[in-house]
Structure formats: structure tokens, C-alpha cells
Amino acid sequence: MAEGERAGSGGGAGPGRPPSPAELERAEALKARANEFFKGKDYENAVKFYSSAIELNPTNAIYYGNRSLAYLRTECYGYALADATRAVQLDAKYVKGYYRRAASNMALGKFKAALRDYETVVKVRPNDKDAKLKYQECHRIVKQKAFERAIASDEHKRSVVDSLDIESMTIEDEYSGPKLEDGKVTLAFMKELMQWYKDQKKLHRKCAYQMSPHVPTPQILVQVKEVLAKLPTLVETTLKETEKVTVCGDTHGQFYDLLNIFELNGLPSEANPYIFNGDFVDRGSFSVEVILTLFGFKLLYPDHFHLLRGNSRGWGMRLGPPPPPPPARFGGGGGVMSPNCPLLSPVDHYLAAPAVVRDGSQSGSPCGGDTFCL
């Protein structure tokens, strides 16, 4: 049955007039007849007779629930949803109404709405195995959809960085912190930046936006995104016998831990490469200092300083709620940047996921030596 062919024969109880005893009896007989058609899988006639019963007694939630199921069988999901909703309106304790509405919403792709009704059914009928399975399936789909939205990258959406007017930003005379040399990140700038952050001072926002290895005035995050976008998803590093690479785990906004790593192991360079395995921000109080320092070294040594996603699949998918942003993580013109800043999202999508480190000293091995995967 097409949805435009909804059955109805006219007559029955009118608006405001309760059905007579004879109409109630006739409605029950029609429902019984409809049930027989339903059992015989003649769903079109089942819908027809349920509709006739409803016309005689339009206040019976069961009639709507039964017709909703018949509509589900004929894939008329819009009508099925309408009938299930009406059944629940007539009788808030009619559990099958919630079940039918959940099934209709599932078929229509409205998974959150379906999940709410499945939750209601499971609470009322905790031992209903079928309801529990449907609830678990729907819950899985809702989580999957949320995950997909969190990691989705809309390439056609205008990035927030496009709205920044860097040229109009001025560096005040009283600012004495790190400044870029012709708009470029240098080793001297990075050393001064880390000391400045160590003293818990603020980097001017224009410098933060301008950090770039090649051009004078584009934004740091745009440039990092461009650098990362050119790199493969899989980072592969092959070491010679005398070479090494330092692999670092989660930094979680702990800037002083990051400084300690560099103090013990040396600053990044072409001869001292690093791989940072995700979870750069949150939890700690210095997420912005950490991420800008890491981005700075990535721009300075793009082929020898690697940033992976680790177990984070997007800034919005970190475990637990993010902490409130610190009062001001870089200054100049009242600028405030937190680890949840929308400027970071476009960059995250281009972070490499895995890395493979190979020992190239064993040239006789079929795989070129031992392999270490991250």
C-alpha cells in the first residue's frame, strides 16, 4: 500500500461524541478481522479493517498501535510513526506504542528519537530480550553517528581563520616577548618562545597567528594545516645504524614536562627527530603553550618532527569534558585562545594517524630490519 492510499470508510463516532456500545462492539469485531488478515500477511486488508475500527472508536490506542505495525510491514513508515505517536498520546502506558514509534523512527533514520522510546520500553520491560537488543543496536548507531560527526571535515565550509584580519593587528610598544623574524619560525624564536612560556608570559596573538616557515604574514594554524595536508597519513621513518628517533607519549597540556623532555633529550633538529603520539592538550593548565610549541617545531622541521593523533580522533572526542579555558593564554588586543578553540579543528583532521619506524641497519632482512609501529 502506498502512503497516499490510507484506508478509511467514513462514519463512526464524530468529534466530541463517545462511541455507542454497538459501535464499540462493531469496532472490536473489525479489529479481530484485521488481526486475522495480519496473521495471514495480508497487510493492506489489515490496515483497511483497523481503519474502520478506528473510525468507530477513535480513542482506542491499541487500534492505532496495530495499524502502525501493519504500516511498518508495508514500509509506510510515515504513517506508522503517526499512528504510534497517536497511540502514545491516547495511552501513555501503552508500551507497544513506544515500541512501534521507535521502530518507525529507526526506519526513518531518526535514531536519537528511536533511542528515547527504546529506553522507555527497556525500563518498563527489563526482561524483554528483543527490546534490549533493539535498544543496544540503536545506542550503537547513535554513538557511531556522533563519532562520525566529530571527525567529519567539511572542506567546503569557510574556515574561521579566513575571517582573521592579521594585518590590522598591532603589536604594542610595551610588548617585549618573542617576535618572528620576517614572519618565519627560527630556532632562536623557538628558544625564546619556550623561555617566555616558562616564565608564564603571554605570546602576542599576532605572533601566534603569523608563525610560518616560508611566508611573511599567514596564520600559524593555516600554515600547519598546509604542511600536514601534504604529508601522508602513515608516517614512515627508516633509521640508519647511527640514527635514533625519540617517541613521546601524551603531553596533556603539561608544558613543563615538555620542557623537561627537551632538556633531557635535546631540542628537536634534523639530527634529533621526534614523534609525539597524540593527546597534546586538555587536563593540564598549559595546553595552548604545548600545542603552539609543537606546531612551531613542526613548521621548523616538517620532515623530522612528527605529530600523530594517537587515540584522539578529533578535538571534540577527548575522554571526559574539557576543562574550562584559562583566563588568557596569549595576549594582545584581548585575544584569548583555549584548547577548544575552533581554529584548531581544521588542523586536527590532517594529523597523521599511525607511524612505522624501521631499523634500516639490517639490510639483509626482508623487511629492512626490526619494525616498530605506533
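Which helices each supply at least two residues of the lining of the second largest pocket? They are α8 (187-198) and α11 (255-265). The model is predicted, so local features need pLDDT of at least 70 and side-chain atom pairs pLDDT 80 or more, while totals for chains, interfaces and linings use all residues. Residues are numbered from 1 along each chain as its sequence is written, and side-chain values use heavy atoms, without hydrogens and water.

The space in this second largest pocket is about 210 Å³. Its lining consists of K191, M194, Q195, K198, Y256, L259, N260, F262, E263 and L267. Helix α11 gives the largest share, 5 residues.

Helix α2 (residues 43-56) packs with helix α3 (residues 61-73) at about 160°, the axes being 9 Å apart. The two are therefore roughly antiparallel (angles over 145 degrees count as such), and their crossing is left-handed. On the α2 side the contact (heavy atoms within 4.5 Å) involves Y43, V47, Y50, S51, A53 and I54; on the α3 side, Y63, Y64, N66, R67, A70, Y71 and R73 take part.

Residue classes at both sites are tabulated here.

A pocket is an open set of points on a 1 Å grid where a 1.4 Å probe fits, with protein on both sides within 12 Å along at least five of seven lines; lining residues have an atom within 4 Å of a point.

Conventions: Axes are lines fitted to C-alpha atoms, for helices over the stretch in contact, and angles run from 0 to 180 degrees between N-to-C directions. Helices (H or I, at least four residues) and strands (E, at least two) are DSSP runs, numbered from the N terminus. Angles under 35 degrees count as roughly parallel, over 145 as roughly antiparallel, 65 to 115 as roughly perpendicular and the rest as oblique. A crossing is left-handed if the near helix is turned anticlockwise from the far one by less than a right angle, and right-handed if clockwise. Grid points are joined across faces, edges and corners, and a volume is the space filled by probe spheres set on the points.
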